[in-house]
Amino acid sequence: MDLGIRGKKALVCASSKGLGLGCATALAEAGVELVMNARGAEALEAAAADLRERFGVEVKTVAGDVTTEEGRAELYDVAGTPDILVTNAGGPPPGVWSDWNRDDFIRALDANMLTPIALMTALVPAMMERGWGRVVNITSQSVKAPIPALGLSNAARTGLTGYVAGTSRQVAPSGVTINNLLPGIHATDRAISLDTGVSEQQGISMDDARAQRQATIPARRYGTPAEFGAACAFLCSQHAGFIVGQNILLDGGGTNATI
Ligand code: NAD
């Protein structure tokens, strides 16, 4: 399927690895010019070079922390007025509800709620002026069903979801769609770090920790960044203009819910 977005410009945050890279890859394959971002320059430059070579699209890079004002200012300088915005950043650390103090919540809210909101506030107005835009926020299945060890994520991402529910309906008349993609368990560094936590906590091997988590997923496997990226590229495509303010689960059936 031709996604109809060849030549559009996208800013994909936190995209040197994992789900962000999956999104950047699928957009590059659709002919979209990219600005990629991550904290570490080395992996970022390698990922950008790979996409330039494989898909022949222009890829600019900005190494920096998207959760800081300085990091975002540099992104705005380089990205200008992109047509497509994919927001992403690392997730908060796991723990127990009684572990977290105000500072922990402020950090989580900054990274996983206020950062995507700041990016949308800065970049959506130019999309509205041009009458076309796509925003995809990478959130989490924890928005549909809370994950006990990820209380910081449950809280921050639900706040973002409420914001998107209201805002998406206000910008839709100008041809801009905002939607959220909710990953379940995917095979990325984040999954390895969560498996490591389970393995240490329960005194079991990494293989056993992974097998235990896979058994909780009806698809009996982790998702891949490539299939996540394909869903993101579709939401950014010309065909998805009627999808507004939705929360789309990609979790292999892991969330046991009727709707
Ligand atoms: P990952 O750790 O594999 O990749 C993170 C990427 O983000 C890297 O490129 C890293 O450099 C970049 N990054 C992290 N923090 C950044 C920051 N502050 N500024 C700029 N770049 C930053 O993570 P992932 O598995 O791809 O997950 C992406 C998001 O999806 C995270 O918020 C994660 O919590 C969430 N999520 C992931 C899963 C999963 O199973 N992988 C499940 C649910 C939710």
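This is a predicted model: local features need pLDDT of at least 70, side-chain atom pairs count only at pLDDT 80 or more; totals for chains, interfaces and linings use all residues.
Colleague: Is Ile 178 buried or exposed?
Modeller: The cut-off for buried is under 20% relative accessible area. Ile 178 has 0% relative accessibility, so it counts as buried.

Colleague: What about Ser 199, buried or exposed?
Modeller: Ser 199 is found in helix α6, residues 189-202. Not counting residues up to four places away in sequence, it touches Ile 204, Ser 205, Met 206 and Ala 209. Its relative accessible area is 12%, so Ser 199 is buried.

Colleague: Let's go to the largest nonpolar core; which element gives the most to it?
Modeller: That core has 32 residues, and Ile 5, Val 12, Leu 27, Leu 34, Met 36, Ile 84 and Val 86 touch the most other members. Elements that each supply at least two residues include β1 (9-12), β2 (33-38) and α8 (225-235). With six residues, the one giving the most is α1.

Colleague: Which residues does Leu 27 touch, not counting those up to four places away in sequence?
Modeller: Leu 27 is one of the buried residues of α1. Not counting residues up to four places away, it touches Ile 5, Ala 10, Val 12, Val 32, Leu 34, Ile 84, Val 86, Ala 233 and Cys 236.

Colleague: How far apart are the end C-alpha atoms of α1?
Modeller: At 1.5 Å a residue, its 12 residues should span 16 Å. The model agrees with that, because the end C-alpha atoms are apart by 17 Å.

Colleague: Now α2: why are its buried residues on the same side?
Modeller: The buried residues of α2 are Leu 44, Ala 47, Ala 48 and Leu 51. In an α-helix, residues three or four places apart point the same way, because there are 3.6 residues a turn.

Colleague: Which exposed residues are on the face turned away from the buried side of α2?
Modeller: The buried residues of α2 pack against α1, β2 and β3 (59-63). The face turned away from that buried side carries the exposed residues Glu 42 and Glu 53.

Colleague: Last one: which residue has a backbone N or O atom 3.0 Å from a nitrogen atom of the ligand?
Modeller: There are 27 residues around the ligand, and Ser 16, Leu 19, Ala 89, His 186 and Thr 188 come nearest. For an oxygen atom of the ligand, a polar backbone atom of Lys 17 is 3.1 Å away, and a backbone N or O atom of Gly 184 lies 3.2 Å from a ligand oxygen atom. The backbone N or O atom 3.0 Å from a ligand nitrogen atom belongs to Gly 90.

Terms used: Residues are numbered from 1 along each chain as its sequence is written. Side-chain values use heavy atoms; hydrogens and water are left out. A nonpolar core is a set of buried Ala, Val, Leu, Ile, Met, Phe, Trp, Tyr and Cys residues joined through side-chain atoms within 4.5 Å. Buried means under 20% relative accessible area, exposed over 50%, partly exposed in between (1.4 Å probe, protein chains only). Helices (H or I, at least four residues) and strands (E, at least two) are DSSP runs, numbered from the N terminus. Contact means heavy atoms within 4.5 Å. A residue is near a molecule or strand if one of its heavy atoms lies within 4 Å of it. A polar contact is a pair of N or O atoms within 3.5 Å; within protein, one must be able to donate a hydrogen and the other to accept it, and residues adjacent in sequence count only if both atoms are side-chain atoms. The expected span of a helix is 1.5 Å times one less than its number of residues.
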